[in-house]
Amino acid sequence: LEFPFNEDLLAEFGAEWLTKAFHAAGTLELSNRVRAVMLETEIKIDAGNNAGKFLFEVVYETPNPKLHTKLFAKVPFQMTKETQSDRVSSSVMKQPMDLHEINTYRLLESRMPVKVPKYYYGDISNETSNYILITERVPFAEINGPRKGTLAPLEIEGPYQKCKDWMLRGPAKDYYMLLIRKHAQLAAAHKKGRMGSQAALEQSLRFAPTGVESYAVNPDAPTGEKAETCSLRLEEAIKFFAGTAKVVFPSYVTSDAFQRKFRATFLKLNAYSGEIQYWKHKNPDYVAFGHQNLNMDNAYFWQGVDGALDCGIFDFGGFGSSSLPHRLWWGLNCAEFDQIKENLSEYIDSFISLYAEFGGPRLDKSVMRTAIIITALENTMFMVRAVPDCLEQCPEEEWSTIRDRHDPRVSSDVGGKSTLRTTLQVMTNGLRMLEELQADQVLDAWVRDVYGAEFGKPPKGNAVVMGA
């Protein structure tokens, strides 16, 4: 079935196409049809870094309370100046991310142990990477802006934005504890076989390999990139966070001592990159289904009639089975660091307890903590690679007049995306993890206890780690 992949094309294809699409997906009875399509003109969605999004409304020939009339569509970014790099990133570097999201809704909607928006249609072209996903529209009570006072029970808060936890209506810890619970429910449901047969799931979703042969392990070379290349990236990052953009980072990043630690830690991380990935996936107890980045913008929250906070989740790009501590960090990485630092131990305890309560195996806290902290370093290295993009979105000459991270030039969505704000927040959290939670010592201990004692390998020499 030929499909539209942007707002204008959906309007052009119209009600006749939507009828065929919903019939093909089995989400609309064959005796019913879509009579009219109206694009939403008042509310525009510009949140997110991986896709374009828009809202529309339909009229059915035979109304049914089980059929939503207000719908949401997700499509690829268009190849414009503002979003071309993001389109290439999502459609080339991150695929089959979008296929996995469509398959998650298409195959798992009824099996999900958490609430998700109702699926109506999805398809993707392997030739062009164009796609469309249509679901119910989440009825956010504050889509036109925050409302004063309390919301009624079951009214949906937000939508909340990535890296803006000060928007939350309650204590941030309450929201993150709830998301930890959702992580545990998803992972345990997979472990208990409630999501479907393993063979069918492996055909349709992402499954990280668990065997050593799938990872670039090499005792005689860095298993990330060449040490010389990595070193150049790190110098560029230091110039950025300790110079150009130092106003939004902790003051200690300008010290020689911190910068020496930064270089040594991230060159070591690069040297053991493949071995770390293998370790994070080799024990199946620590590998299960999980959301790729369960940040605040990928969930929708409400208070129940009993006053308890609850939520549903969406945005399942790249959904599948992989390292659980990796997933947990990528759900925390956009939070305020002081909150992470204060509550990380409790978050880990909560996940371990809930995962076991819902049917998963009992995990070791020290393993979880080590993997989470090392994942935070890996995430920071990902942000290091994004420094050139940061300078495109906010040129160097602008930084001389920026006073803090709340300046609209860096806190707002730039070009309709939260990429700049996210990069700065995640990099800040990684640098603070290094300094304030001694992530360098955690990595050193991993080399000694896992690579050395568990894997039986001598540590890689300075020539390998630092480069010739």
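Select cysteine 163, in the loop between strand 5 and helix 4. This is a predicted model, so take the stops below as a tour of a prediction. Is cysteine 163 buried or exposed? It is buried, because its relative accessible area is 3%, under the 20% cut-off. Now check its backbone. Phi of cysteine 163 is near 65 degrees, a positive value in a residue other than glycine. Most residues other than glycine have a negative phi.

Leucine 154 counts as exposed, because its relative accessibility is 54% and the cut-off is over 50%.

Next, select glycine 158 and proline 159. The peptide bond between them is cis, with omega near 25 degrees. Most peptide bonds are trans. Proline 159 belongs to the loop that runs from strand 5 (131–136) to helix 4 (172–191).

Move on to helix 16, residues 439–454. Where does helix 16 bend? Look at tryptophan 446: the bend there is about 25 degrees. Tryptophan 446 is also one of the buried residues of this helix.

Which helices do the buried residues of helix 16 pack against? Show helix 7 (256–271), helix 8 (273–282), helix 11 (365–384) and helix 15 (419–436). Then step just past the end of helix 16. There, glycine 456 has a positive phi of about 70 degrees.

Go to helix 7 and select lysine 261. Lysine 261 counts as partly exposed, because its relative accessibility is 21%. Setting aside neighbours within four places in sequence, display its contacts: Leu434, Glu435 and Asp440. Now draw a distance from lysine 261 to tyrosine 278. They are 17 residues apart along the chain, and their C-alpha atoms are separated by 25 Å.

Zoom out for the whole chain. It has 17 helices and 10 strands. The C-alpha atoms fill a box of roughly 70 × 55 × 50 Å along the principal axes. The radius of gyration is 23 Å, which agrees with a compact globule of 468 residues. Buried residues make up 53% of the chain. Of the contacts with a separation of 6 or more, 70% join residues 24 or more positions apart.

Finish with the charges. The chain has 53 positive and 60 negative charges, and their mean positions are 3 Å apart.

Methods. Residues numbered from 1 in each chain as written. Predicted model: local features only at pLDDT ≥ 70, side-chain atom pairs only at ≥ 80, totals over all residues. Heavy atoms only, no water. Helix = DSSP H or I, 4+ residues; strand = E, 2+ residues; numbered from the N terminus. Rg over C-alpha atoms; globule rule 2.2 N^0.38 Å. Buried < 20%, exposed > 50% of the residue type's maximum accessible area, 1.4 Å probe, protein only. Contact = heavy atoms within 4.5 Å. Lys, Arg positive; Asp, Glu negative; His and termini not counted. Charge placed at Lys NZ, Arg CZ, Asp CG, Glu CD. Bend = angle between axes of the 7 residues up to and from the residue.
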